[in-house]
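Thank you all for making time this morning.

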Amino acid sequence: MTYPDSLLTLNVTSKVSQLLLMGRITSSQTIPLGLSRSPYVFITSQFDFSGVTGHTAGPGPFRPSPPPFGTHSSATINSNGASMTLSVAYPTTYQVYSQAFT
């Protein structure tokens with residue numbers, strides 16, 4: 001099915017919180033944010049379930065990271081929002097919000 005662009009709009013504004021940045025990384029890195037206060041960050045690691053006993057699914061999300069193997073992903077906010085350092089063991093998506101959801 002096809003639709004004109006005018007019907008494919010998405011509004012992601014909110015009175016409570018606002019998505020500032022999102023992305024995907026495959027290795028640990030520091031991402032500049034340029035903020036003057038600490039944001040809220042959600043991370044989701046992508047993990048291959050093949051190593052989980054009894055699981056037959058393919059790759060899938062774990063939040064914040066796969067617990068069975070002791071490795072985890074983390075986000076550290078630097079200098080009150082100037083940047084964030086993501087330490088990841090698996091490919092990870094991140095979302096940075098201006099404030100907490102209420």
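What follows is a description of the strands, the sheet, the core and some contacts.

Please keep in mind that this is a predicted model, in which local features need pLDDT of at least 70 and side-chain atom pairs count only at pLDDT 80 or more, while totals for chains, interfaces and linings use all residues. Residues are numbered from 1 along each chain as its sequence is written, and side-chain values use heavy atoms, with hydrogens and water left out.

Let me start with the overall make-up. The protein has 0 helices and 7 strands, where helices (H or I, at least four residues) and strands (E, at least two) are DSSP runs numbered from the N terminus. Of the 102 residues, 26% are buried, and here buried means under 20% relative accessible area, exposed means over 50%, and partly exposed lies in between, with a 1.4 Å probe and protein chains only. The accessible surface comes to about 6,900 Å², and 56% of that belongs to carbon and sulfur atoms; these areas come from the Shrake-Rupley method with a 1.4 Å probe, and for residues only the protein chains shown count as cover. If we take the contacts with a separation of 6 or more, 64% of them are between residues 24 or more positions apart, a contact being heavy atoms within 4.5 Å.

An open sheet is formed by 3 strands in the order 2-6-5, with antiparallel pairing, and two strands are taken to pair if DSSP finds at least two bridges between them. Strand 2 (29–32) and strand 5 (74–78) are at the edges with a single partner strand each, so one side of each has no neighbour in the sheet. On average, and with direction ignored, neighbouring strands are turned by 25° against each other; the axes behind that angle are lines fitted to C-alpha atoms, for helices over the stretch in contact, and angles run from 0 to 180 degrees between N-to-C directions.

Strand 2 is joined to strand 6 by 4 bridges, while strand 5 and strand 6 (residues 83–87) pair over 5 bridges. Strand 5 and strand 6 also form a hairpin with 4 residues between them, and in that turn serine 79 has a positive phi of about 50°. Within this pairing, isoleucine 77 stands opposite methionine 84.

Which residues stand opposite serine 83 in strand 6? On one hand there is proline 32, and on the other asparagine 78. Serine 83 is buried, at a relative accessible area of 14%, and, residues up to four places away in sequence aside, serine 83 touches Thr30, Ile31, Pro32, Leu33, Thr76, Ile77 and Asn78.

Turning to the core, the largest nonpolar core has 9 residues, namely Ile25, Ile31, Leu33, Ile43, Met84, Leu86, Val88, Tyr94 and Val96; such a core is a set of buried Ala, Val, Leu, Ile, Met, Phe, Trp, Tyr and Cys residues joined through side-chain atoms within 4.5 Å. Strand 6 and strand 7 are the elements that give two or more residues to this core. Leucine 86, leaving aside neighbours within four places in sequence, is in contact with Ile25, Ser28, Gln29, Ile31, Ile43, Ser74, Ala75 and Tyr94.

There is 1 aromatic pair, by a rule in which rings of Phe, Tyr and Trp (its six-membered ring) pair if their centres lie within 6.5 Å, with planes under 30 degrees apart counted as stacked, over 60 as edge-to-face and the rest as tilted. Phenylalanine 42 and tyrosine 97 make this edge-to-face pair, at 5.6 Å centre to centre and 85° between the planes. The pair links distant parts of the chain, 55 residues apart, with phenylalanine 42 in strand 3 (residues 40–48) and tyrosine 97 in strand 7 (residues 92–97). Phenylalanine 42 is partly exposed at 31% relative accessibility, whereas tyrosine 97 is buried at 16%.

Finally, two loop and end positions. Serine 73, in the loop between strand 4 (59–62) and strand 5, is buried with a relative accessible area of 5%, and its C-alpha lies 8.9 Å from that of serine 28, 45 residues away in sequence. Glutamine 99, in the segment after strand 7, is partly exposed at 35%.
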